[in-house]
Amino acid sequence: MRTKRRVTQTLVSSCAAKLETGEQAMRGIGWWMGLAILMTALVGTTVETFNFEEPEWVEAMRKIHWRFSGQKGTFAQFGDSITVTMAFWAPLPYARKNAPPEMERAFKIVNSYMRPECWRWKGPEFGNDGGKTVKWALENVDNWLKRLNPEVALIMFGTNDLTHVSVDEYRAQLKALVQKCLDNGTVVILSTIPPRSGFVEKSAAFAEAARQVAAELKVPLIDYHAEILKRRPHDWDGSSEKFSGFEGYDVPTLISRDGVHPSHPTKYRDDYSEEALRCNGYSLRNYLVLLKYAEVIEKVLLANEGELRGTLKPSDLAFQNWMPKAPPLPPPKGKVIRVTSVSELFEAVEKAEPNTTILLADGHYHLPRRLEIRKDGITLRSESGNRERVILDGGKHQLGELLAVTGCSDVTIADLTVQNVRWNGIKLDTDTGVHRVTIYNCIIRNVWQRGVKGVRVPPNIPRPTGCRIQYCVFVNDRAKTFEDDPTDNPQTFNGNYIGGIDVMFARGWVISDNVFVGIQGRTREGRGAIFLWHDSRDCIVERNIIIDCDVGIALGNSWKPPDIEIHCTRIIVRNNFIVRCPESGIVADYTRDCLIAHNTIHDPTNKLGRLIRLVHDNEGLRVVNNLLSGPPIKNESSSKMVLLNNLIVPDYSHAFVDATRGNLRLTASAVDAIDKAMPLAEVKDDIDGKPRGSKPDIGAHEFR
Ligand SMILES: [Ca+2]
């Protein structure tokens with residue numbers, strides 16, 4: 001038993017006329033190319049959950065697909081003239097008159113998943129050609145598999161075998177053909193052939209043979225033969241006397257005047273009404289293939305991705321070669337103290353004069369109490385520069401807080417690991433006047449409330465200004481449990497009081513080039529990987545990679561104390577990758593004049609529809625050039641905002657380098673994103689620091 005999710009969405013706007021402005025809006029290929037300058041857009045989402053028995057092929061094909069190592073979304077169609085014709089498959093992206101809802105849904109799934117070039121993979125080099133037989137396919141399939149390496153192959157041969165191949169031979173050859181594909185790790189969708197005039201019984205026997213092969217090898221089947229007979233039990237044959245007044249493909253039944261090919265009458269072209277599905281043989285075939293391929297995508301291909309994810313550990317995801325690498329800090333200036341033990345470390349920090357650098361030798365330091373930096377200009381860093389070799393550990397003594405910066409400024413903490421802390425990994429006592437702290441190239445691991453915390457600041461204390469948190473990795477090896485933090489229990493936050501960076505009253509901070517993986521509450525309802533609130537202003541959040549956290553970037557919060565009117569003002573969130581954050585990818589909640597631009601957010605199965613969520617007062621917010629792979633922007637705010645040129649695709653996995661592992665860089669398949677952004681003064685380069693040029697791409701990565 002599995003669970004399936006169905007999402008129905010409606011876009012309602014009180015200013016529909018403004019929703020789509022000009023040609024640019026219509027140009028979009030994505031199904032919610034949200035070019036919209038809109039004041040109020042309500043997106044209602046209902047989620048139904050129900051269980052049902054899966055067909056046998058689902059499990060079998062998931063095992064086959066597990067071995068597939070080629071490009072996702074590669075869909076080949078192996079067949080004869082009924083496949084090579086441009087009437088099959090190729091017209092679907094352009095017109096679908098009267099398509100029933102299940103077909104439109106299937107189209108959206110296929111169109112967002114399949115490589116776009118596969119709409120037109122026509123010709124012998126792609127495995128389809130007129131007059132060909134299953135024997136031809138057997139002789140050439142190795143070559144096709146090697147060259148095309150399809151993730152899924154549709155197979156329909158037999159019409160040209162009817163004249164000279166026995167049913168047994170056909171069955172054996174078809175089975176061998178399917179098996180070769182499966183051996184390649186290619187999922188097969190097998191199709192029965194249509195009935196053929198003059199070979200009525202034999203074509204029925206061939207269809208039965210294909211059904212047997214599908215059942216034996218446990219591959220999904222499109223029973224084109226049966227579907228034709230279901231709709232036209234007695235008059236499917238366009239070559240019969242009844243249709244003598246018509247010519248060629250223009251008969252109003254399912255097989256054309258030649259008695260062999262599906263019909264394609266002009267009147268029902270690109271039409272998928274119930275009537276068209278019994279009058280146009282290619283409409284029927286397109287409809288059936290679209291539905292089956294979409295089903296395979298949902299039940300096999302995407303399900304496997306979910307399972308693959310389950311095998312990836314947070315530590316695998318957090319340290320990947322493609323992630324940001326910190327440029328080394330310059331050698332220390334001024335006074336230097338070297339320490340090699342916990343006691344030396346505490347002594348050095350307590351006695352150091354301002355502007356001293358404390359260099360830690362490689363080692364595992366079990367801290368017995370909170371280590372507090374209290375003098376201006378102190379730098380605490382590993383001597384080796386290797387952040388994995390200097391570990392400050394709070395686990396042995398169950399520390400609530402590990403490092404703290406109190407009543408001083410210009411402190412740097414760099415090139416080391418902070419781990420196993422019950423509450424705060426690095427606490428900035430910003431209520432004592434703390435400014436210009438730099439946290440650089442650190443690993444912050446298994447910290448169970450906040451990796452970095454900046455507290456509430458009383459009115460008479462200057463706001464913490466000019467801090468930088470860069471090139472750090474925040475990773476938790478698992479979701480929070482009650483045991484990690486006794487203060488977070490069913491009576492308080494139910495195990496969800498957890499986040500990455502949580503700062504109040506920040507002024508001019510830069511949070512960039514960090515990686516956050518697996519910052520999760522007990523029930524996956526934790527706080528932001530990056531959480532700025534309580535009158536934070538003029539900060540930049542950029543080039544961060546956030547994977548499998550509960551909330552990605554939170555500008556503000558729905559709760560605020562009476563003395564706080566706005567949580568975030570003039571904050572820029574740009575060029576971030578955010579992957580699978582179920583509570584919200586980016587949320588703006590009580591903001592003023594903020595910018596959310598050029599972020600790429602991937603979470604196709606986000607149940608709450610919150611890749612970007614806008615809620616409460618967000619006057620002056622601009623949400624521009626973001627790439628959403630999943631549900632559209634969830635706008636619950638009635639403020640005056642600009643939502644412009646965001647590309648929204650239900651699942652853009654095929655267009656990313658490796659969405660499963662969080663690498664949302666674009667590939668050449670990202671045709672809807674490449675060169676499609678509108679130039680923005682605030683975003684001149686991309687997540688890799690590459691200049692965007694005059695034709696920027698939508699999302700965080702500039703492909704070219
Ligand atoms: Ca470009």
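Two strands are said to pair if DSSP finds at least two bridges between them. Helices (H or I, at least four residues) and strands (E, at least two) are themselves DSSP runs, numbered from the N terminus. With those terms in place, strand S14 and strand S17 (residues 424-429) pair in the parallel sense over 5 bridges.

Before I continue, two remarks on the source. The model is predicted, so local features need pLDDT of at least 70 and side-chain atom pairs count only at pLDDT 80 or more, while totals for chains, interfaces and linings use all residues. Residues are numbered from 1 along each chain as its sequence is written.

I turn to the sheet that holds S14 and S17. This open sheet has 10 strands with parallel pairing, in the order S11-S14-S17-S20-S23-S26-S30-S34-S38-S41. Strand S11 (371-373) and strand S41 (634-636) are at the edges with a single partner strand each, so one side of each has no neighbour in the sheet. On average, neighbouring strands of this sheet are turned by 10 degrees against each other, direction ignored; the axes behind such angles are lines fitted to C-alpha atoms, for helices over the stretch in contact, and angles run from 0 to 180 degrees between N-to-C directions.

Leu 371 stands opposite Leu 403 in S14, and Leu 403 in turn has Ile 426 of S17 as a bridge partner. Elsewhere in the sheet, strand S30 (residues 551-556) and strand S34 (residues 584-589) pair in parallel over 5 bridges, with Ala 554 opposite Val 587 in S34.

Next, strand S13 (residues 390-393). Strand S10 (residues 363-366) pairs with S13 in the parallel sense over 4 bridges, and Tyr 365 has Leu 392 as its bridge partner. Strand S16 (residues 417-421) runs parallel to S13 and is joined to S13 by 3 bridges, with Asp 393 opposite Gln 419. Val 390 and Leu 392 point one way from S13, Ile 391 and Asp 393 the other way, and all are buried. Buried means that 20 or more other C-beta atoms lie within 10 Å of the residue's own, exposed means 12 or fewer, and partly exposed is in between, with C-beta atoms placed from the backbone.

Which residues touch the most other members of the largest nonpolar core? They are Cys 442, Leu 532, Ile 546 and Leu 555, in a core of 125 residues. Such a core is a set of buried Ala, Val, Leu, Ile, Met, Phe, Trp, Tyr and Cys residues joined through C-beta atoms within 7 Å. A second, separate core has 74 residues, including Phe 157 and Leu 177.

Helix H6 (residues 134-148) and helix H7 (residues 167-183) pack at an angle of about 5 degrees, their axes 9 Å apart.

Finally, two loop residues. Most residues other than glycine have a negative phi. Asn 355, which is not a glycine, has a positive phi of about 65 degrees and is placed in the loop between helix H12 (342-351) and strand S9 (357-360). Asp 410 has a positive phi near 60 degrees and lies in the loop between S14 and strand S15 (412-414). Asp 410 is partly exposed, with 17 other C-beta atoms within 10 Å.
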